[in-house]
Amino acid sequence: MVATISADIVRSTSLATGDLINLRKRLRGLLNDFEKDYGGFWARIVRGDSIECFVPEYGYALRIAILIKLFVKMQVSGVDCDEELQKYGIRFSIGVGDIKYADKHEDIIDGEAIYMSGRNLDVISGKGNVFTAFQIKDTPESFCNLLDSYVALLSNIVDSYSAKQAEVVFYKLLGFREIEISEKLGIYQSSVNTRSTKAQWGLVNTAIKDFEDLTYKNICG
């Protein structure tokens, strides 16, 4: 069992061409960093504003999706673009299942997981007011719906962040300590702590860690 993430940048057409190109470059750099941090992970940016990720350790899929969302919110702060882009960053869909073939060099991801995440991204994109989806192969519908709501609620918390809160939580999810974040951002550590508290860091961190502790056995029996 692996995970795939299908995502797209919300209202990307509201960005000037140069701003979209810069966002893609920075996003590509983030995804390259993830390849170093998460063994076997790889991702591609397709059609200008869409992202597809292969996540061999499916427990990390939610952390990675939230990190990408935070990163995009940070990058578009202060840029002339649609308010929905500044609020949501990306919409994303996670699929957990089997993969028949995944090869970075051939640029191919094929199998059940990517079908699920891609299909569900199309569904929520059509709804307009839904920004996350989650599905696991061979899981009782009631439990899958519960996890889908869990992911949506966590994402909604992140949607409420200011750009300053987003950058603090982003670095905390990457494992930086508050003193390191204060030095990186050029602000007092007390300011980092205040932003972290207002962003409900404790709740967000616990929710993501709890998701990472799930195993297919205790999900499906």
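This is a predicted model: local features need pLDDT of at least 70, side-chain atom pairs count only at pLDDT 80 or more; totals for chains, interfaces and linings use all residues.
Local features were considered only at pLDDT of at least 70 and side-chain atom pairs only at pLDDT 80 or more, whereas totals for chains, interfaces and linings use all residues. Residues are numbered from 1 along each chain as its sequence is written, and side-chain values use heavy atoms, with hydrogens and water left out.

The secondary structure comprises ten helices and seven strands, assigned as DSSP runs (helices H or I, at least four residues; strands E, at least two) and numbered from the N terminus. The C-alpha trace spans about 50 × 40 × 35 Å along its principal axes. Of the 221 residues, 48% are buried, that is, under 20% relative accessible area with a 1.4 Å probe, protein chains only.

The largest pocket is lined by 16 residues, with N120, F134, Q135, N145 and D148 nearest its centre. A pocket is here an open set of points on a 1 Å grid over the protein atoms alone, where a 1.4 Å probe fits, with protein on both sides within 12 Å along at least five of seven lines; lining residues have an atom within 4 Å of a point. Two or more lining residues come from each of α4 (112-127), β7 (132-136) and α5 (141-159), and β7 gives the most, with five.

How values were computed. Buried means under 20% relative accessible area, exposed over 50%, partly exposed in between (1.4 Å probe, protein chains only).
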